[in-house]
Amino acid sequence: DALAVIVGLLSEPLAKYPRLSEKDILVTQLVLTFIRNLLCIDSVEEKMGMRPHPEQQNNKEDLLQRLFQDNVLELVLLVAQHSNEKAFKNDASLVLQIIHQVFEGFQPSQLFEDSLSSNAEAAPAKQSQIKSEKTLLGDGRRKGKAAP
């Protein structure tokens with residue numbers, strides 16, 4: 001798969017961090033620029049007034065899902081965390097553009113509501129897990145007390 005290969009180009013340079021060569025920094029910038037350009041395709045088409053074909057309407061959603069599954073967004077956040085350091089200082093605006101493209105079209109309230117609903121769905125599973133852990137711990141304590 002092409003996206004995995006391209007992102008895989010970063011494994012060697014990032015393994016050398018913080019001793020990155022100029023080539024390593026340029027490879028990182030190239031991959032980040034590629035990711036940004038992939039995310040910008042829909043925005044450019046909309047600004048030009050082009051209507052996407054029906055099969056292309058979900059391209060950005062599919063791309064975002066793929067970037068998330070392949071941990072590419074984790075990688076972008078990792079670079080963002082180190083953007084004040086010398087190696088990634090020039091990438092700060094590029095990372096900001098990527099983050100902007102990821103969240104473009106979403107309202108903050110929508111993200112908040114989606115977060116609440118996903119937490120509410122996960123809550124019963126967590127509560128049952130906590131109950132079972134308490135049961136196990138309670139049984140262990142009782143057994144421990146029974147022993148001399």
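1. Start with A92, which is found in helix α6. Its relative accessible area is 33%, so A92 counts as partly exposed. A92 and H82 are ten residues apart in sequence. In space, their C-alpha atoms are 8.9 Å apart. Keep in mind that this is a predicted model.

2. Now the overall layout. The protein chain has seven helices and zero strands. Along the sequence the pattern reads α-α-α-α-α-α-α. Of the 148 residues in the protein chain, 24% are buried. The accessible surface comes to about 11000 Å². Carbon and sulfur atoms account for 57% of that surface.

3. Look at contacts along the chain next.

4. Helix α4 spans residues 59–69. Which of its residues are buried? They are K60, L63, L64 and L67. These residues lie on the same side of α4, because they cover an arc of only 100 degrees around the axis. E61 and Q69 sit on the other side of α4, and they are exposed. Just after α4 comes N71, with a positive phi of about 60 degrees.

5. An α-helix has 3.6 residues a turn, so residues three or four places apart point the same way.

6. Helix α5 covers 72–81. V72, L73, L75, V76 and V79 are its buried residues.

7. D91 deserves a careful look. D91 lies in the loop between α5 and α6. Is D91 buried or exposed? D91 is buried, yet it has no salt bridge. The nearest side chain of opposite charge belongs to R36, 9.9 Å away. A salt bridge needs the nitrogen and oxygen within 4 Å. Leaving out residues up to four places away in sequence, D91 touches T28, Q29, L32 and V79. V79 is one of the buried residues of α5.

8. Side chains of opposite charge can pair when their charged atoms come close. How many salt bridges does the structure hold? It holds three. One joins R66 and D70, with N and O 2.9 Å apart. R66 has a relative accessible area of 32%, so R66 is partly exposed. D70 is at 29%, so D70 is partly exposed as well. Elsewhere, salt bridges that share partners join E12, K16 and D24 into one network.

9. Here is that network in detail. K16 forms a salt bridge with E12, and their closest N and O atoms are 3.8 Å apart. D24 also forms a salt bridge with K16, at 3.5 Å between the closest N and O atoms. K16 is partly exposed because its relative accessibility is 37%. E12 is exposed, because its relative accessible area is 53%. D24 has 6% relative accessibility, so D24 counts as buried.

10. Last, the surface. Which residues form a nonpolar patch there? They are F103, F106 and L111. Together they have about 270 Å² of accessible area. F103 belongs to helix α6, residues 92–103. F103 counts as partly exposed, because its relative accessibility is 46%. A92, where this note began, is found in helix α6 too.

Terms used: Residues numbered from 1 in each chain as written. Predicted model: local features only at pLDDT ≥ 70, side-chain atom pairs only at ≥ 80, totals over all residues. Heavy atoms only, no water. Patch = residues over 30% accessible without salt bridge, like charges linked within 9 Å, V, L, I, M, F, W, Y side chains within 5 Å. Areas by Shrake-Rupley, 256 points an atom, 1.4 Å probe, with all protein chains shown as cover. Helix = DSSP H or I, 4+ residues; strand = E, 2+ residues; numbered from the N terminus. Buried < 20%, exposed > 50% of the residue type's maximum accessible area, 1.4 Å probe, protein only. Arc of directions from axis to C-beta. Lys, Arg positive; Asp, Glu negative; His and termini not counted. Contact = heavy atoms within 4.5 Å.
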